[in-house]
Amino acid sequence: MSTKIYHNPRCSKSRQTLQILEDKGIKPEIIEYLKTPPTESELKSILNALGKSPRELMRKGEAEYKEHNLADDSLSDDQLIAAMVKHPKLIERPIVISADNKYALGRPPESVLDIL
């Protein structure tokens with residue numbers, strides 16, 4: 001397996017994280033998740049590997065978060081995951097998966113060094 005990055009080229013943290021990988025000589029598979037969002041099962045695997053709940057991986061400042069009332073505590077994890085798949089802008093980025101299947105959220109970008 002090669003290293004992968006769930007990337008948004010318009011995000012400075014995502015670009016910085018990609019630069020860290022490239023500076024280490026890693027040419028990751030770049031997944032522009034706004035164009036190719038993860039499936040529900042892929043997102044569940046990512047959350048499990050990161051040890052995070054769906055709400056912890058959500059961008060709460062996005063308009064979609066407010067429009068769809070995602071702050072509602074009665075929503076289940078499955079409902080939040082479905083919203084993230086439907087509106088991938090809600091997924092915090094970047095997410096890096098190393099060649100040996102370790103996961104990290106590039107916030108801050110240097111945190112991916114722990115899995116390389």
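Val96 has Ala104 of β4 opposite it. I note here that the model is predicted.

Next I looked up what lies on the other side of β3. Strand β3 (residues 95-97) is antiparallel to β1, again with 3 bridges. In this pairing I found Lys4 opposite Ile97.

I then followed β1 (residues 4-7) to β2 (residues 29-32); these two pair in the parallel sense over 4 bridges. Ile5 has Ile30 as its bridge partner in β2.

I wrote down the whole sheet: it is open, has 4 strands in the order β2-β1-β3-β4, and its pairing is mixed. Strands β2 and β4 (103-105) are the edges, each pairing on one side only. From one strand to the next the twist averages 20°.

I checked the helices against the sheet. Helix α1 packs on it and touches β1, β2 and β3, with its direction at about 165° to that of β1. Helix α2 (residues 40-50) also packs on the sheet, touching β1, β3 and β4, and its direction makes about 85° with that of β4.

Last, I looked up Glu92, in the loop between α4 (77-86) and β3. Is Glu92 buried or exposed? I count Glu92 as buried because its relative accessibility is 15%, and the cut-off is under 20%. Its side chain makes a polar contact of 2.9 Å with the side chain of Arg107. Beyond neighbours within four places in sequence, I listed contacts of Glu92 with Leu57, Arg59, Leu105 and Arg107.

Methods
Residues numbered from 1 in each chain as written. Predicted model: local features only at pLDDT ≥ 70, side-chain atom pairs only at ≥ 80, totals over all residues. Heavy atoms only, no water. Pairing = 2+ DSSP bridges. Buried < 20%, exposed > 50% of the residue type's maximum accessible area, 1.4 Å probe, protein only. Polar contact = N/O pair within 3.5 Å; in protein donor to acceptor, adjacent residues only side chain to side chain. Contact = heavy atoms within 4.5 Å. Axes fitted to C-alpha atoms, helices over the stretch in contact; angles between N-to-C directions.
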